[in-house]
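Student: I have not seen this structure before. Could we go through it and ask what stands behind each label?

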Amino acid sequence: MTLLKLDASYNELRGVVRNFAEKEVAPRARDVDRAAAYPQELFEAMRDASLLGLPIPEQYGGMGAGMTGLCVAIEEVTRYCQSAGLMLLLSRLAAGPILLSGDQDQRARYLPGIASGQLRGSFCITEPQAGSDTSAITTRARKTAGGFVLDGRKSYISGATVADFYIIWARAEGEPGGRNLGGFIVDRDRPGVSIGHVDDKMGVRGVPTAEVVLESVNIPAAARLTPPGKGFSHLMAALNSARPGVAARALGLTGGALNYAMEYARQRCVFGQPLIEMQNIQFVAADLTTHLEAARALVYGAAQMVDEGSHDKHAAPHIAMAKYFAADLAVRASSQCLQMLGAAGYMCDHPMERYYRDAKQLQIVEGTSEIQQLIIGRAVRDGIVALG
């Protein structure tokens with residue numbers, strides 16, 4: 001039972017995805033991590049269960065469940081496997097900018113394929129010298145008579161090696177604005193597009209991250225997503241609208257780690273009694289459970305904001321609170337739950353060490369915890385967030 005009250009349709013969806021996660025995700029989770037390779041069979045299982053189209057509107061072949069429905073599904077699968085949650089989130093990361101900024105032709109070309117699993121995309125901001133600081137982006141889009149030529153290198157791109165297209169954020173040369181950013185859809189089969197270094201990651205090892213290299217890549221004018229002078233605001237909207245999905249991954253990890261630790265504590269005996277009877281264990285459980293309940297309220301509140309079309313500067317601090325609070329909770333929960341298991345938690349026989357490794361990514365991707373604090377702090381300074 002939880003205090004969170006969602007529409008009955010979301011509760012029904014939760015039951016369906018929970019059953020899917022128990023049958024399809026949980027048995028694969030350990031092997032996905034150890035193989036450190038993209039789990040195509042799991043992707044196909046998600047496709048067959050129509051989970052990839054959850055956030056896509058029905059008119060484009062999706063389920064029309066929005067960010068709230070996607071968060072429900074992500075929370076359920078990430079009780080067992082963060083890679084599974086990221087696979088679901090990538091469908092929204094690729095579709096989000098097209099939904100927010102794309103024209104009708106772009107939506108019709110890409111969204112049905114994302115929803116059906118025929119197309120996969122990656123969202124490309126980060127560069128070797130540009131992460132949180134988007135003003136440091138050096139990838140260039142030079143205008144030509146027929147479109148644009150892109151040159152640059154993107155780093156740490158989730159799903160890059162399996163993507164069919166990329167959402168590239170680049171500087172549009174000769175356009176106004178201090179940031180003069182633009183969003184572009186670049187199909188992977190364009191001449192000049194290649195995969196560079198493939199990363200060896202600490203966690204979330206089932207979804208590869210890699211460099212995307214752009215060398216004199218010609219794209220048509222129709223591949224541009226954002227209007228001149230509006231790229232930065234569209235990028236911020238895309239990030240804000242995707243962050244509840246990252247926060248939902250944190251909910252699932254926290255719930256999964258805590259559930260596993262509690263089951264272990266019921267069976268493990270110390271000093272003549274089950275570990276769960278120890279007061280200190282109960283205090284940790286009480287603290288984490290309380291914070292998990294609070295995190296759910298923040299995350300689903302943020303998801304509902306996105307579904308209502310709110311992702312501007314007034315919604316941004318509330319979305320940031322959800323991501324900041326839930327991600328930090330996941331890191332703390334994975335550490336404390338591992339500690340409950342003692343030496344057993346450190347062993348690969350149990351999933352706790354995987355939760356511990358996977359959790360850290362959540363404080364980094366789609367805006368670090370520090371960036372979320374800046375967003376919240378500035379909103380407080382400027383009176384955007386009401387304090388009473």
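Student: At what angle do helix α9 and helix α12 pack, and how far apart are their axes?

Tutor: This is a predicted model. In it, α9 (residues 316-341) and α12 (residues 369-381) pack at about 140°, and their axes are 9 Å apart. The crossing of α9 past α12 is left-handed.

Student: Which residues of α9 and α12 meet?

Tutor: From α9 they are Ala-316, Pro-317, Ala-320, Met-321, Lys-323, Tyr-324 and Asp-328. From α12 they are Ser-369, Gln-372, Gln-373, Ile-375, Ile-376 and Ala-379. The residues of this contact divide into eight nonpolar, three polar and two charged.

Student: Why is Glu-127 called buried?

Tutor: Buried means under 20% relative accessible area. Glu-127 has 4%, so Glu-127 is buried. Its place is in the loop between β1 (121-124) and β2 (140-143).

Student: What lies 2.8 Å from a polar atom of the side chain of Glu-127?

Tutor: The backbone nitrogen of Thr-138 does. The cut-off for a polar contact is 3.5 Å, and the 2.8 Å of this pair falls within that cut-off. Beyond four places in sequence, Glu-127 also touches other residues, including Arg-153, Lys-154 and Ser-155.

Student: What makes the buried residues of helix α3 lie on the same side?

Tutor: The buried residues in α3 (residues 40-48) are Leu-42, Phe-43, Ala-45 and Met-46. They cover an arc of only 160° around the axis, so they are on the same side of α3. In an α-helix there are 3.6 residues a turn, so residues three or four places apart point the same way.

Student: What do the buried residues of α3 pack against, and which exposed residues are on the face turned away?

Tutor: The buried residues pack against α1 (8-25) and α5 (82-101). Glu-41 and Asp-48 are the exposed residues on the face turned away from the buried side.

Student: Why does Tyr-156 count as exposed?

Tutor: Exposed means over 50%. Tyr-156 is at 57% relative accessibility, so Tyr-156 counts as exposed. Tyr-156 is found in strand β3 (residues 147-158). Tyr-156 is not a glycine, although its phi is positive, about 55°.

Student: How do helix α4 and helix α8 pack?

Tutor: α4 (residues 66-77) and α8 (residues 279-307) pack at an angle of about 145°, with axes 7 Å apart. Among the residues making the contact are Met-67, Cys-71 and Val-72 of α4 and Tyr-300 and Ala-303 of α8. The contact divides into six nonpolar, three polar and three charged residues.

Student: How do you know whether Ile-74 is buried or exposed?

Tutor: Under 20% is buried. Ile-74 is at 0% relative accessibility, so Ile-74 counts as buried. Ile-74 is in helix α4. Leaving aside neighbours within four places in sequence, Ile-74 is in contact with Gly-85, Leu-88, Leu-89, Gly-245, Ala-248 and Arg-249. The C-alpha atoms of Ile-74 and Ala-303 are separated by 12 Å, with the two residues 229 residues apart along the chain.

Notes. Residues numbered from 1 in each chain as written. Predicted model: local features only at pLDDT ≥ 70, side-chain atom pairs only at ≥ 80, totals over all residues. Heavy atoms only, no water. Axes fitted to C-alpha atoms, helices over the stretch in contact; angles between N-to-C directions. Helix = DSSP H or I, 4+ residues; strand = E, 2+ residues; numbered from the N terminus. Left-handed = near helix turned anticlockwise from the far one by under 90°. Contact = heavy atoms within 4.5 Å. Nonpolar A, V, L, I, M, F, W, Y, C, P; charged D, E, K, R; others polar. Buried < 20%, exposed > 50% of the residue type's maximum accessible area, 1.4 Å probe, protein only. Polar contact = N/O pair within 3.5 Å; in protein donor to acceptor, adjacent residues only side chain to side chain. Arc of directions from axis to C-beta.
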